[in-house]
Amino acid sequence: MSNLGDDFSQFDISKEEKDKLVAEVVRYILFKTHQNSGCPIKREELSQLVTKNYRHRSLPAYIINEAKAKLSTIFGYELRELQRSRPSSTSHSRLSQQSGVDAKSYVIISQLPAEVYKKYVEDVNTSHLTGFTFVAISIVQLAGDNLWHHLKRMGLHETDENHPVLGNVKQVLETLVQQRYLQKDKVSGPEGTTLFYELAERALDGTVSERIKQYISQIVKKDDATVDIL
């Protein structure tokens, strides 16, 4: 930490009080991430943990930065602020379904090497959801925003609430919207209202984007190999 991290006297609180606030914010982040399947946590929520008993305007930012350091050094997580993506030029007439989402929010990202995370942390019981996430993001990136059209071609239907692997398919896709991998927009046209999907902040993140490119590359190579055999 910088010298600023050691100087909390400006807030007129003791070291014990500061440590207690940092621990409370860390616990809240870990609990909410687990409870809400990795959905972003609003900065406002974290600030309220601090301001309920303390009124210094700069204290929430200081405590969040301290919690960020603890998450990194102790738990191996990066606390990353999501940057809201700009609407594409083709979506200016769309009504975003995320208009009520706080622009300042956080997610935690594992800093462990991929092979270590896969061996010791990754939950095999949710691997099907990870696979669906990659498929959905890849479809949107490659084929545009008419996601349900392509999912239906794969046998995944909006009305399917009892898929043998995914369960409620519509709800699983909605979770990706809540997790900020996808953004859902509503468009009114001559044929009625249509839902379109675009990549959101987490899908545009450099690490995730690179993994998606590798995933797509593997699929293309497999298709090329199949063509060569035929």
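**Close-up views of a predicted model**

**View 1. Confidence along the chain.** In the protein, confidence is lowest in helix 1 (residues 3-6), at a mean of 50, and highest in helix 4 (residues 59-75), at 96. This is a predicted model in which local features need pLDDT of at least 70 and side-chain atom pairs count only at pLDDT 80 or more, while totals for chains, interfaces and linings use all residues. Residues are numbered from 1 along each chain as its sequence is written, and side-chain values use heavy atoms, with hydrogens and water left out. The pLDDT is the predictor's confidence in each residue, from 0 to 100. Its mean for the protein is 81, and 79% of the residues reach 70 or more. Over residues 88-92 the pLDDT stays under 50, and the model has two contacts beyond four places in sequence for them. Contact means heavy atoms within 4.5 Å.

**View 2. The protein as a whole.** Ten helices and six strands make up the secondary structure; helices (H or I, at least four residues) and strands (E, at least two) are DSSP runs, numbered from the N terminus. Of the 230 residues, 35% count as buried. Buried means under 20% relative accessible area, exposed over 50%, and partly exposed in between (1.4 Å probe, protein chains only). Among contacts with a separation of 6 or more, 63% come from residues 24 or more positions apart. The protein exposes about 14500 Å², of which carbon and sulfur atoms supply 51%; accessible areas come from the Shrake-Rupley method with a 1.4 Å probe, and for residues only the protein chains shown count as cover.

**View 3. The largest nonpolar core.** A nonpolar core is a set of buried Ala, Val, Leu, Ile, Met, Phe, Trp, Tyr and Cys residues joined through side-chain atoms within 4.5 Å. The largest one has 23 residues, and F132, L147, L151, L173, L182 and Y197 touch the most other members. Helix 6 (127-143), helix 7 (147-153), helix 8 (169-178) and strand 6 (192-199) each supply at least two residues of this core. Helix 6 gives the most, with seven residues. L151 touches F132, I139, L156 and L173, leaving aside residues up to four places away in sequence. Another core, of 21 residues, lies apart from the largest one; F11, V50, A67 and L71 are among its members.

**View 4. S105 in strand 4.** S105 lies in strand 4 (residues 105-110). This serine, S105, is buried, with a relative accessible area of 6%. Not counting residues up to four places away in sequence, S105 touches P40, I41, K42, R43, R80, E81 and L82.

**View 5. A nonpolar surface patch.** L112, Y117, Y120 and V121 make a nonpolar surface patch of about 380 Å². Patches are made of residues with over 30% relative accessible area and no salt bridge, with like charges joined within 9 Å and nonpolar side chains (Val, Leu, Ile, Met, Phe, Trp, Tyr) within 5 Å. A salt bridge is a side-chain nitrogen of Lys or Arg within 4 Å of a carboxyl oxygen of Asp or Glu. Y117 lies in helix 5 (residues 114-120) and is partly exposed, at 31% relative accessible area.

View 6. D12 is not a glycine, yet has a positive phi of about 60 degrees. D12 is found in the loop between helix 1 and helix 2 (15-35) and counts as exposed, at 71% relative accessibility. S37, although not a glycine, has a positive phi of about 55 degrees. The loop between helix 2 and strand 1 (41-42) holds S37, which counts as partly exposed at 46% relative accessibility.
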